[in-house]
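Biologist: I have a model open and want to learn how to read its packing. Please take me through it.

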Amino acid sequence: MALASMGTHQNVIVPRYDRHQLSPGIVQLGLGAFHRAHAAVYTDRAIASGDQRWGIVGVSLRQADTRDALAPQDNLYTVVVRDADGERLHVVGALIASLLAPENPQAVLAAMTDPRCHVVSLTVTEKGYGHDPATRALRLDHPDIAHDLTHPDAPRSAIGFIVRALALRKKAGLPPFTVLSCDNLPSNGLTTRGLVLAFAAAVDSELAHWIDTHGAFPNAMVDRIVPKTTDDDRAGVATHLGADDAWPVMTEPFSQWVIEDRFAGPRPRWEDAGATIVSEVEPYENAKLRMLNGTHSSLAYLGAVIGYVTVDEAIADARLANFIAAMMVEEIEPTLSLSLSSSGLAQYRSELLARYRNPALKHKLQQIAMDGSQKLPQRLLGTIRDRLRAGASCNRLCFAVAGWLRYLAGKDESGLAYQISDPLAEVLHAAATSSSDAAGQVAALLAVREVFGDDLPGNRQFVSTLTQHLENISKHGVVEAMRALESEKT
Ligand code: CS2
């Protein structure tokens, strides 16, 4: 039975509103699993409470696979919430169309310039912004950005689509939509604003001024763990649901969305669906990027080098779990601006470790390890900078970065090789294998300024600590090197 013809079903939430009445109030750039398990669920709930303005037009900017999977099932899909107690299913109806940008960029621009569209949200991952991760500046030499600057009516990049659509809205006398980034970037709204203005200034200074004056780019902190869907997941959903879903999304019970209340026009009442609307997101974002994403990446690299496959496997190793917990307490929490009491931080930490232990998610370390060059600046290096400025230890944080440098060798401690998935993979792997000694490898890797900027390579404490840890990890393995680190501390 197809998903679209599915009726009511025990312990499955299905849309109870008339999807054909929905207006295309939101265009979502990036149709990946994270959006569909996170923001789309909040919007689905807002629609279910009666506000029909917020149908989502989803846009795949690159691959056809998600659109090809969802369109035949009327863009319905299943969110599968899993934990040790089993699974709960929620069929989401908020997605009313799925477009493939390379196939029909005009249809995407038409959706973004529709007067009923008030929000353009984007989840394109850290590498989808065409920016330099260390400086957050727009890379005018980025292939997609360079293309879009000379092909305005057939953009490839999210930034190119946003600027072109805003130009068309301005020309038509329409107000701008609000641009809502849902990616793990520091000050994601402000960062996106800067990239949009830089692109607009390169094409039309008056447009840039209009966007600067009337545009809205709220910051938002997004949090939900969403492992990649497997064919076994699809088979499990078909059995549970009694209907085929070509692309269900798997996730955990936890979900959090903290959004700055800065919109150019109307928005869904996401707060009625569990989101938090605030005047200042930074404290929440800082905590999430550093406590969750920083330890996630640390676990991914150290665990993958040891030879673990999933997050729950890695965190089950008490030596890694203790290292991660100590890194949070000793080196990350002191840098947080979130005014949490010590008991509040302890609760945040223990909830995080419990989320990692979720045995039902089977979240692959290699999925998290992807795109380290785009992730580490905000997940680990920003924290290291704060610690260095404070004259405080960043020993564990540097150990985690050394774990990434060792990971870039492309094989684990048993010699099992793996693909490095990263926009800078070639440069990084070459640097990581450029020398037989740690000092040479560190020097070659720190020369990748898009990641490390200009300050860290010149910081003697950082370089020597990183080199020491990389040497220990390479010579003795992660576990022995970690033991040496712990013994230094006692
Ligand atoms: C993960 C994130 O893949 C990764 O880089 O660290 O996707 C993480 O699962 C989410 O940010 C959790 O909110």
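This is a predicted model: local features need pLDDT of at least 70, side-chain atom pairs count only at pLDDT 80 or more; totals for chains, interfaces and linings use all residues.

Modeller: Residues are numbered from 1 along each chain as its sequence is written, and side-chain values use heavy atoms, without hydrogens and water.

Biologist: How many residues does the largest nonpolar core have?

Modeller: In soluble globular proteins, nonpolar side chains tend to be buried together. A nonpolar core is a set of buried Ala, Val, Leu, Ile, Met, Phe, Trp, Tyr and Cys residues joined through side-chain atoms within 4.5 Å; buried means under 20% relative accessible area (1.4 Å probe, protein chains only). Here the largest has 72 residues, with Trp404 and Tyr407 among those with the most contacts inside.

Biologist: At what angle do α10 and α16 pack?

Modeller: Axes are lines fitted to C-alpha atoms over the stretch in contact, and angles run from 0 to 180 degrees between N-to-C directions. For α10 and α16 (residues 395-407) the angle is about 50 degrees, with the axes 8 Å apart.

Biologist: Is Asp44 buried or exposed?

Modeller: Asp44 lies in helix α2 (residues 39-48) and is buried, at 4% relative accessible area. Beyond four places in sequence, Asp44 touches residues including Tyr17 and His90, where contact means heavy atoms within 4.5 Å.

Conventions. Buried means under 20% relative accessible area, exposed over 50%, partly exposed in between (1.4 Å probe, protein chains only). Helices (H or I, at least four residues) and strands (E, at least two) are DSSP runs, numbered from the N terminus.
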